[in-house]
Structures are given as structure tokens and as C-alpha cells.
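We will go from the whole chain down to single residues.

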Amino acid sequence: MEGSYFKPEFAAVPVITGNPGNFTIRWPSYLTNYQLQFTTDLNAGPWMPETSLPVRDADTLTTTVPASPLEPRRFWRLRGPD
């Protein structure tokens with residue numbers, strides 16, 4: 001069959017849960033080339049790399065980020081390779 005096609009890539013959404021004093025962020029472990037980034041302002045940015053190192057288990061990467069009263073809002077995203 002001639003022609004072309006594309007394979008769609010679906011965005012992976014990190015799963016974020018909050019506990020007193022910290023946030024736990026999980027995403028699929030097959031996204032090894034993705035970087036967890038954060039910002040405190042969605043309008044002005046900038047997006048910065050999350051410094052907490054993820055731990056890998058069977059099928060997820062998990063990182064724990066301490067909550068800070070100095071940052072009442074924090075937003076995360078997974079950024080894929082350029």
C-alpha cells in the first residue's frame with residue numbers, strides 16, 4: 001500500500017497526589033526521555049526542571065516534592081525530547 005501515515009503520540013499526564021507536607025508525582029516509566037518540569041505562574045513561566053530525582057518501580061517513575069509555604073501554587077508538566 002502506497003502513501004503515508006502518522007502514528008499519534010498521546011500526551012502523558014502525570015498523576016499528582018498531595019499529602020500533608022509534600023506532593024507525590026507519578027508517570028509511566030516508559031517515558032524515560034521525558035523531563036518533569038514545574039512553574040509557579042502559568043502565564044509568565046518560566047518552566048524549570050524538577051530537582052527531585054524520580055524512583056523507578058515496575059511501571060512508574062515517582063518523585064516526592066516537599067510543599068513550600070513560599071510557593072502556594074506549583075504546576076507540573078512532562079516535557080518530551082525536542
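Start with the contacts across the whole chain. A contact means heavy atoms within 4.5 Å. Take the contacts with a separation of 6 or more: residues 24 or more positions apart account for 63% of them.

A word on the model. It is predicted: local features need pLDDT of at least 70, side-chain atom pairs count only at pLDDT 80 or more, and totals for chains, interfaces and linings use all residues. Residues are numbered from 1 along each chain as its sequence is written, and side-chain values use heavy atoms, with hydrogens and water left out.

Now switch to a cartoon view. You will find zero helices and seven strands. Both are DSSP runs, numbered from the N terminus: helices are H or I with at least four residues, strands E with at least two.

Next, show the surface. The chain exposes about 6,500 Å², by the Shrake-Rupley method with a 1.4 Å probe. Carbon and sulfur atoms supply 56% of that area. Of the 82 residues, 22% count as buried, which is under 20% relative accessible area (1.4 Å probe, protein chains only).

Select residues 35-39. This is strand β3, and four of its five residues are buried.

Technical notes: Buried < 20%, exposed > 50% of the residue type's maximum accessible area, 1.4 Å probe, protein only.
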